[in-house]
Amino acid sequence: MRRKLVAGNWKMHGSRAANAQLLAGLKEAGPWNADVAVCVPFPYIAETALALTGTAIAYGAQDCSAHEQGAYTGEVSSAMLADVGCRYAIVGHSERRAYHAESDQLVADKAKAALAHGVTPIVCVGETRAEREAGQTEAVVKRQLAAVIHTLGHCCGEMVVAYEPVWAIGTGLTATPAEAQAVHAVLRAQMQAATDRASAMRILYGGSVKADNAAQLFGQPDIDGGLIGGASLKVADFAAICLAAAH
């Protein structure tokens, strides 16, 4: 059995006071029989690390540079993330792909940079509403994942994959458990063709996961947890999702 992973993506939310309250609440609510992480804005990583000292909750970043170091103003390297103890880095989130024109290859290069420094990339793939309605879901996610598989080579089994249908992010719409499972099964099969670690890899679902639908989603055979957006900012909601993963 794969141990479930629930990763909170705070996106561009938070303040020192709000973060302290949220992390204190999570520490009090846990621990859970699942892996739990929070991916926080860059300025708050150090304080998050301090707040989570001695707990089982991991922390990570929401992006990383594809470059090692150099004249890349505003970028943060995976070496820096590793230096401050980040376990995870989200790469290829649909918002990065859409608003910052990140290509499949750039996402793959970021994943490679993360792994090179022992940071586990959470590689996001997913289709838009138009792509789903055109029957292109499978082609889109396989194309996005293929770029990463090709770039990582034999190391591809070390990443976490997150399927996030773009049409379900922040919209209140959610793929049904059956719809989500169907795409997860496609991704699992694609990984099985690339690595003998596919059966142990975790594939998360991200897209309006809430306390009331988490258990059904996580009960699917190829859904190994969630990448949680808005609900990760509320202690009660996030804790309930972690509890659902633990069961």
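A pocket is an open set of points on a 1 Å grid over the protein atoms alone, where a 1.4 Å probe fits, with protein on both sides within 12 Å along at least five of seven lines; lining residues have an atom within 4 Å of a point. The model is predicted, with local features requiring pLDDT of at least 70 and side-chain atom pairs pLDDT 80 or more, while totals for chains, interfaces and linings use all residues. Residues are numbered from 1 along each chain, and side-chain values use heavy atoms, without hydrogens and water.

The second largest pocket holds about 320 Å³, and the largest pocket has a volume of about 450 Å³. Of the 20 residues lining the largest pocket, Lys-11, Gln-62, Asp-63, Arg-96 and His-100 are the closest to its centre. Helix 4 contributes the most to this lining, with three residues.

Helix 5 (a DSSP run of H or I, at least four residues) comprises 13 residues, 104-116, and reaches 19 Å from first to last C-alpha. Its buried residues (under 20% relative accessible area, 1.4 Å probe, protein chains only) include Asp-104, Val-107, Lys-110 and Leu-115. Helix 5 is followed by Gly-118, with a positive phi near 75°.

The count of disulfides (cysteine sulfur pairs within 2.5 Å) is zero. For Cys-64, the nearest cysteine sulfur, that of Cys-86, is 9.9 Å away. Cys-64 is buried at 2% relative accessibility.

Note on methods: Helix = DSSP H or I, 4+ residues; strand = E, 2+ residues; numbered from the N terminus. Expected span 1.5 Å × (residues − 1). Buried < 20%, exposed > 50% of the residue type's maximum accessible area, 1.4 Å probe, protein only. Points joined across faces, edges and corners; volume = space filled by probe spheres on them.
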